[in-house]
Amino acid sequence: MEGDIRKNIRKIIHIDMDAFYASIEQRDNPQYKGKPIVVGGSPEGRGGVVATASYEARKFGIRSAMTSKKAKQLCAHVIFIRPRFDIYKEVSKKIRAIFHRYTDLIEPLSLDEAFLDVTEDKQQIGSAIEIAKQIRQAISDELQLTASAGVSVNKFIAKIASDINKPDGLTFIGPSRIETFMEELAVEKFFGVGRVTAEKMKTMGLHTGGDLKKLTEAELVKRFGKIGRFFYRIVRGNDDRPVQPHRETKSVGAEDTFPYDLATLEEMYLGLDKIADTIYDRLKRSGLKARTVTLKIKYHDFKQATRSQSFPEPIGDIESILATVKDLLAGTQPEGIKKIRLLGISLSNFGATMTKEKRKDVDDQLKLF
Ligand code: DCP
Ligand code: MG
């Protein structure tokens, strides 16, 4: 019998790079090694937010999404670094190439993390723990960066596991540990449970997986809606969502930070023309048609705004895209012009097949089975 059980068990690895942007900056600029650095934000603490902080900066309490002002208050000598997204994307590609030595079943979640299904690995290594070790070693040897890995039988547990011994750690949670692990897991650590839901759970006296497990499926659905069904399964360690290698493009976008603040609508329209050109090239290359157009604005005081418009039919021509963003822009300036330092356009909600895919994605995320 044991043989049968083993055959049905999946081997899932979740890899997440440590302080990704910041580690790359420390690698490429030795003067930043061992120093508290922040990628993103502005050195004067005027505005902007932290994309990520080096572990040295985290000792001061600096975190992602914090304002640079707050970061500076926490650590006066923190160094702010302008992000180099092209470099991060290149590194991300190299990491993926390493993954591909072991499996093609790779589902990237962002530039720095991915799920791998190594149930049947290309090199017939067999042990998921061994593969995770080799991947971490290759990332270290070839890219001089560290990654943390979580190894388990499903995506949910693997994802949480990779965070347990971060940075530079590997955590394996095998079938025999899952029950206790899930019962002890704090609800805010649940992958897929947002801060708001976690708070709601706490006010109901639900602090851990064990607390959730005491509720029936119907009770969970009554309290949290459809996602309650997902909670019911996940606290029992049941998650059979597949690793999905072909994620569809969700959006195509471009933005521009101007060398000086734009003060007239004409200048802003010119800025949009240029960005729309870039976008249009990308759109043509991808062959996609979008139904939603989004305009992003960053004002001179670093305040941000986004405005979207969706259409019943996909739009593919540059004139419609431009007319839409210009309208959206004009609509944000009802009482006089506020100076702008950045404009961005993104297109999403791609055609009929894409929406179906997207719906499937959401289903898979929640796995409402
Ligand atoms: N990122 C961002 N804004 C956020 C969170 C993250 O721009 N609010 C970017 C910067 C990170 C990268 O995404 O380097 C990866 O995000 P992670 O959440 O994995 O954070 P790190 O890799 O930086 O740190 P950790 O070691 O905790 O994984
Ligand atoms: Mg990371």
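Student: Let's start with strand β7: how many of its residues are buried?
Tutor: Bear in mind that this is a predicted model. Strand β7, which spans residues 147-152, is mostly covered, and six of its six residues are buried.

Student: Which residues of β7 are on one side, and which are on the other?
Tutor: Ala 147, Ala 149 and Val 151 lie on one side, while Ser 148, Gly 150 and Ser 152 lie on the other, and as all of these are buried, both faces of β7 are covered. As a general point, side chains in a regular strand alternate between the two faces of the sheet.

Student: And what does β7 pair with?
Tutor: With β1 it runs antiparallel, joined by six bridges, and one of the pairings there links Ile 12 to Ser 152 of β7. With strand β8, residues 170-172, β7 pairs in the parallel sense over three bridges, and Gly 150 has Thr 171 as its bridge partner in β8.

Student: Switching to the ligand, how many residues surround ligand 1?
Tutor: There are 13 residues around ligand 1, and the closest are Ala 19, Thr 52, Tyr 55, Arg 58 and Asp 112. By class, this shell has six nonpolar, two polar and five charged residues.

Student: What about polar atoms by the ligand's oxygens?
Tutor: An N or O atom in the side chain of Tyr 55 is 2.6 Å from an oxygen atom of ligand 1, the corresponding distance for the side chain of Asp 112 is 2.9 Å, and a polar side-chain atom of Asp 16 lies 3.0 Å from a ligand oxygen. Ligand 1 taken alone exposes 550 Å², of which the protein buries 69%.

Student: New topic: which residues of helix α12 are buried?
Tutor: In α12, residues 227-234, the buried ones are Ile 227, Gly 228, Phe 230, Phe 231 and Ile 234. Because they cover an arc of only 155° around the axis, they sit on the same side of α12.

Student: Last one: is Thr 324 buried or exposed?
Tutor: Thr 324, which has its place in helix α14 (residues 318-332), is buried, with a relative accessible area of 7%. Between Thr 324 and Ser 308 there is a separation of 16 residues in sequence and 9.0 Å in space, C-alpha to C-alpha.

Note on methods:
Residues are numbered from 1 along each chain as its sequence is written. Chains are lettered from A and ligands numbered from 1 in the order in which they are written. This is a predicted model: local features need pLDDT of at least 70, side-chain atom pairs count only at pLDDT 80 or more; totals for chains, interfaces and linings use all residues. Side-chain values use heavy atoms; hydrogens and water are left out. A residue is near a molecule or strand if one of its heavy atoms lies within 4 Å of it. A polar contact is a pair of N or O atoms within 3.5 Å; within protein, one must be able to donate a hydrogen and the other to accept it, and residues adjacent in sequence count only if both atoms are side-chain atoms. Accessible areas come from the Shrake-Rupley method with a 1.4 Å probe; for residues, only the protein chains shown count as cover. Ala, Val, Leu, Ile, Met, Phe, Trp, Tyr, Cys and Pro count as nonpolar, Asp, Glu, Lys and Arg as charged, and the others, Gly among them, as polar. Buried means under 20% relative accessible area, exposed over 50%, partly exposed in between (1.4 Å probe, protein chains only). Helices (H or I, at least four residues) and strands (E, at least two) are DSSP runs, numbered from the N terminus. The arc is that of the directions from the helix axis to the C-beta atoms. Two strands pair if DSSP finds at least two bridges between them.
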